[in-house]
Amino acid sequence: MSLSQRVTSYLNDLDVHYEVITHHPSHSSLGSAIAAQVPSAKIAKAVMLEDGQGHRLMAVLPADSKLSISALNDALDGQYHLMKEQQVYQCFDDCEHGAVPPLPQAFNLDCIVDDSLEGLPDLYIEGGDHRSLVHLSQHEFARLMAQTRSGHFSHQLYH
């Protein structure tokens, strides 16, 4: 498999300038950073959440960080919890399981982006498979996230 067709179409339709970086297969954002030899802080990962009414939300944060659901709920005045894996697979049916692209608008999802991703000159995102990353400038990433909320809801796993 390669990039998700939905991801490719979405990026191309918006005339986003990007580069595809291929790497050995990995099954986590941290593994992708190691395989592609890029800093883990520069990989934006997606975590899927939902509330009691079934409203889905994508949280986008650095791969070297852990989501604080309590901080996210405080920021949004919500009651979100992690989605079940099977539900995530259904939302991203043209992606390999676990390779969730942090492109909420491409999948008609609401989103919140962690503030720690701002200010990076460039970053990488999963493209829907376990063998490639999409390399974007900060300008392009900010353009893709222009309609999303932001806040601080993660902390680094290690220093």
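## Close-up views of the predicted model

**View 1. Serine 29 sits in helix 2.** The model shown here is predicted. Serine 29 has a relative accessibility of 15% and therefore counts as buried, a class that takes in values under 20%. Leaving aside residues up to four places away in sequence, serine 29 touches Ile43, Lys45, Ala63 and Glu126.

**View 2. The largest pocket holds about 570 Å³ of space.** Strand 2 supplies the largest share, with 4 residues.

**View 3. The lining of the largest pocket is made up of 28 residues.** Which residues lie nearest the centre of the pocket? They are Ala46, Val47, Met48, Gly98 and Val100. By class, the lining has 14 nonpolar residues. Another 9 are polar, and 5 are charged.

**View 4. The whole chain has 5 helices and 10 strands.** Its C-alpha trace spans about 40 × 35 × 30 Å along the principal axes. The radius of gyration is 14 Å. A compact globule of 159 residues would have a value near 15 Å, so the chain agrees with that expectation.

**View 5. Of the 159 residues in the chain, 54% count as buried.** The accessible surface comes to about 8,000 Å². Carbon and sulfur atoms account for 49% of that surface. Among contacts with a separation of 6 or more, 68% join residues 24 or more positions apart.

Note on methods. Residues numbered from 1 in each chain as written. Predicted model: local features only at pLDDT ≥ 70, side-chain atom pairs only at ≥ 80, totals over all residues. Heavy atoms only, no water. 1 Å grid on protein atoms, 1.4 Å probe; cavity = no way out; pocket = protein on both sides within 12 Å on 5 of 7 lines; lining within 4 Å. Points joined across faces, edges and corners; volume = space filled by probe spheres on them. Helix = DSSP H or I, 4+ residues; strand = E, 2+ residues; numbered from the N terminus. Nonpolar A, V, L, I, M, F, W, Y, C, P; charged D, E, K, R; others polar. Buried < 20%, exposed > 50% of the residue type's maximum accessible area, 1.4 Å probe, protein only. Contact = heavy atoms within 4.5 Å. Rg over C-alpha atoms; globule rule 2.2 N^0.38 Å. Areas by Shrake-Rupley, 256 points an atom, 1.4 Å probe, with all protein chains shown as cover.
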